[in-house]
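Please open the model in your viewer and keep the sequence panel beside it.

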Amino acid sequence: MITDTHAHLDYPDYDADRDEVVERARQAGVTQIITIGIGRKSIPSSLALCDKYEGVFAAVGVHPTSLDALGLEEWTLLEDAAKHPRVVAIGETGLDYHHEPFDKGRQRDYFLRQLDLAKRVDRPVVIHCRNAYEDAVKILREFGRFRKEPGVMHCFGADRATAEQVYEMGYMISVGGILTFKNAPALRELVEAMPRDRLLLETDCPFLAPAPHRGKRNEPGWTRLVAEKLAEIWKVSLEEAARQVAANVKRVFGI
Ligand SMILES: [Zn+2]
């Protein structure tokens, strides 16, 4: 029914109760979770979670804020993981000019390498972008549209003009707990105005828990709270909102 398209289920935050977290998600109707494996430790852990839990899939890559988590000399680890049957995307990759210090050139290099990998294995990319939308759009445009559904800008936080550029290139946007925050009317207006077949839902857990849990550890089951907010914004039933988003998930990730 509902897919959490962006979870960090391998984080130690869940070591004590991961089974319960996954079970609670199922109970809430969140039957699919894409966990993000980033770097030499997180990639194998994420694949292990795919093997352990039904309905868990993975994206594999290197996060722009922790490029040291996978050196170029160990790149085959990522290349091999990308061929795993439960890997549905490459990433998260992208640009982050928020967390200091950052090296724009090196982020761009890693981003391009992961776009190239996505193209070769025919998987969409999951893009993380913070304070860097202009450069990210430029890189994506230069790289070119490499498949019908090239991927998603996760935790989308830019304006409508940027969203339109992202759509033009074929990408979707994904929103999470922020959609429920009192101080985020602009995001709700964006979501209301944008085409319904271009939107995905996520938690980005353990971060960004939706209301009424804001500030707590987030978990995949709470994607349902984001879906409920989306239904309210779209003025449709939860079932109808979930059906539309599920069709979007299917088109991008094939699950
Ligand atoms: Zn993430």
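At what angle do helix α8 and helix α9 pack, and how far apart are their axes? Before selecting them, note that this is a predicted model, in which local features need pLDDT of at least 70 and side-chain atom pairs count only at pLDDT 80 or more, while totals for chains, interfaces and linings use all residues. Residues are numbered from 1 along each chain as its sequence is written.

**First stop: two helices**

Select residues 223-234 for α8 and residues 238-253 for α9; the two helices pack at an angle of about 105°, and their axes lie 8 Å apart. Helix α8 is therefore roughly perpendicular to α9, a label that covers angles of 65 to 115 degrees, with those under 35 counted as roughly parallel, those over 145 as roughly antiparallel and the rest as oblique. Axes here are lines fitted to C-alpha atoms, for helices over the stretch in contact, and angles run from 0 to 180 degrees between N-to-C directions. Helices (H or I, at least four residues) and strands (E, at least two) are DSSP runs, numbered from the N terminus.

Now show the side chains of A227, E228, L230, A231 and W234 on α8, together with L238, A241, A242 and V245 on α9, since these residues make the contact; two residues are in contact if their C-beta atoms, placed from the backbone, lie within 7 Å.

Select β1 with β2 (residues 30-38), which run parallel and are joined by 4 bridges, and find T3, whose bridge partner in β2 is Q32.

Move on to β4 (residues 87-96), a mostly covered strand in which 9 of the 10 residues are buried; a residue is buried if 20 or more other C-beta atoms lie within 10 Å of its own, exposed if 12 or fewer, and partly exposed in between, with C-beta atoms placed from the backbone. On one pairing, 3 bridges join β3 to β4 in parallel, and A59 has A89 as its bridge partner in β4. On another, 6 bridges join β4 to β5 (residues 125-130), also in parallel, and G91 has V126 as its bridge partner in β5.

Select A158, which is found in the loop between β6 (151-153) and α6 (160-168). Is A158 buried or exposed? A158 counts as buried because there are 21 C-beta neighbours inside 10 Å. Leaving aside neighbours within four places in sequence, A158 is in contact with Y133 and A163; A158 and Y133 are 25 residues apart in sequence and 7.4 Å apart in space, C-alpha to C-alpha.

**Last stop: the whole chain**

Finally, zoom out to the chain, whose secondary structure comes to 9 helices and 8 strands. The C-alpha atoms fill a box of roughly 50 × 40 × 35 Å, taken along the principal axes, and buried residues make up 46% of the 255 residues.

Terms used:
Two strands pair if DSSP finds at least two bridges between them.
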